[in-house]
Amino acid sequence: MYESGSKFDKSVDARAHWQSSPWGRLRYTVARANLDTYVGGRSGLRVLDLGGGDGLESILLARNGNQVTLVDSSPAMLDIASGRADAAGVSASMTFVNSEVLDLPRSIATGSFDVVLLHNVLQYLPQGIGALPAVTAPLADGGIFSVISINKFSEPIAAAARRADPTEALNLLGESRYRSVTFDSDLTMFAAGDIIDAIEATGDFGDVNHYGIRCFSDFIAADDEKWDPEFYSALEALELASTARWPYMHTARLFQIIGRRASKDARQSRGSGR
Ligand SMILES: C[S@@+](CC[C@H](N)C(=O)[O-])C[C@H]1O[C@@H](n2cnc3c(N)ncnc32)[C@H](O)[C@@H]1O
């Protein structure tokens with residue numbers, strides 16, 4: 001088993017619980033709406049879900065008529081994903097691969113995917129932003145890359161607003177390290193601008209957009225209220241309305257960056273053809 005898989009193997013139950021919480025549901029609803037602005041209504045896409053975990057997003061994409069390859073280093077996550085795919089009747093549209101995202105089987109690394117997702121994985125990769133060329137390499141010309149990760153600007157605000165601790169907030173200004181209790185891991189927080197700069201510096205991507213996920217929810221300390229259907233519905237409307245709205249994406253709990261890989265001709269005319 002891969003080393004990075006072991007700590008994730010132990011967290012499958014916590015993960016499933018989190019996914020059904022109001023804040024977990026908001027994470028998936030808003031991310032899906034943003035991805036839909038690029039691929040909504042299309043089917044028959046070849047999708048690569050890197051670090052796809054227990055398969056929530058992969059299975060939705062498979063249900064929409066796409067062929068999905070889910071890669072994860074955790075055998076336990078893959079077991080859950082495969083069971084969920086069976087239950088949803090989409091196993092024939094899915095392939096499960098136990099691998100490190102930076103040591104992909106050749107057929108995937110040199111594949112030609114229409115969509116590559118790297119959702120809440122970048123923060124665990126020791127290579128950080130340096131991992132971006134390898135994880136975007138499997139994209140076809142015109143393919144869509146979506147990356148989600150923790151926004152480092154949100155953490156001091158969470159300390160002040162949720163935990164009412166200005167001293168902690170002061171200490172967290174500029175901090176990039178974060179401890180995940182769920183996954184018993186140290187991870188790295190990034191600013192969306194760093195990722196956008198790295199993606200744009202390759203010269204391979206256009207149509208790059210920055211979204212915020214949970215622009216408001218994490219700064220409402222009254223978590224109990226969020227389980228109330230009426231409150232949740234109002235919160236979801238607020239989050240969907242603010243995800244792409246300046247300046248709220250800059251302080252959201254998570255950032256999502258989506259870009260389209262240019263065609264080979266466009267890349268060559270810009271001098272970056274691979
Ligand atoms: C926070 S979960 C995210 C799962 C899914 N993408 C989502 O957003 O629901 C992180 C996942 O990445 C996987 N992972 C972490 N590091 C990895 C690596 N180096 N290679 C492959 N998978 C990795 C973990 O096993 C875990 O399933």
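Helices here are DSSP runs of H or I with at least four residues, strands are runs of E with at least two, and both are numbered from the N terminus. With that in hand, look at Ile129, which sits in the loop between strand S4 (113-119) and helix H7 (132-136). Before going on, keep in mind that this is a predicted model, where local features need pLDDT of at least 70, side-chain atom pairs count only at pLDDT 80 or more, and totals for chains, interfaces and linings use all residues. Residues are numbered from 1 along each chain as its sequence is written.

Back to Ile129. A residue is called buried if 20 or more other C-beta atoms lie within 10 Å of its own, exposed if 12 or fewer do, and partly exposed in between, with C-beta atoms placed from the backbone. Ile129 has 15 C-beta neighbours inside 10 Å, so it counts as partly exposed. Along the chain, Ile129 and Asp194 are 65 residues apart, yet in space they are 8.1 Å apart, C-alpha to C-alpha. Contact means that the C-beta atoms of two residues, placed from the backbone, lie within 7 Å. Leaving out residues up to four places away in sequence, Ile129 touches Asp194, Ile195 and Ala198.

Now for the inside. A nonpolar core is a set of buried Ala, Val, Leu, Ile, Met, Phe, Trp, Tyr and Cys residues joined through C-beta atoms within 7 Å. The largest one has 57 residues, and Leu50, Val116 and Leu118 have the most contacts inside it. Strand S5 (residues 139-150) gives the most to this core, with six residues. What is Val116 in contact with, once neighbours within four places in sequence are set aside? The partners are Leu48, Leu50, Val135, Thr136, Pro138, Leu139, Gly143 and Phe145.

Next, the ligand. A residue is near it if its C-beta atom, placed from the backbone, lies within 6 Å. There are 19 residues around the ligand, and Phe8, Gly51, Gly53, Ser73 and Ser74 come nearest. Helices H1 (3-9) and H4 (56-63) each supply at least two residues of this shell, and H1 gives the most, with three. Sorting by class, Ala, Val, Leu, Ile, Met, Phe, Trp, Tyr, Cys and Pro count as nonpolar, Asp, Glu, Lys and Arg as charged, and the others, Gly among them, as polar. On that basis the shell has seven nonpolar, nine polar and three charged residues.

H3 (residues 22-39) and H11 (residues 229-242) pack at an angle of about 35°, with axes 10 Å apart; axes are lines fitted to C-alpha atoms, for helices over the stretch in contact, and angles run from 0 to 180 degrees between N-to-C directions. Pro22, Leu26, Thr29, Val30 and Ala33 in H3 meet Tyr232, Glu236, Glu239 and Leu240 in H11. That contact has six nonpolar, one polar and two charged residues.

With 16 C-beta neighbours inside 10 Å, His250 is partly exposed. Pro247 is also placed in the loop between H11 and S9, and a cis peptide bond joins Trp246 and Pro247, with omega about 5°.

Finally, some backbone angles. Ala164 has phi near 50°, a positive value in a residue other than glycine. Ala164 is exposed, with 10 other C-beta atoms within 10 Å. Arg214 has phi near 65°, also positive, but Arg214 is buried, with 21 other C-beta atoms within 10 Å.
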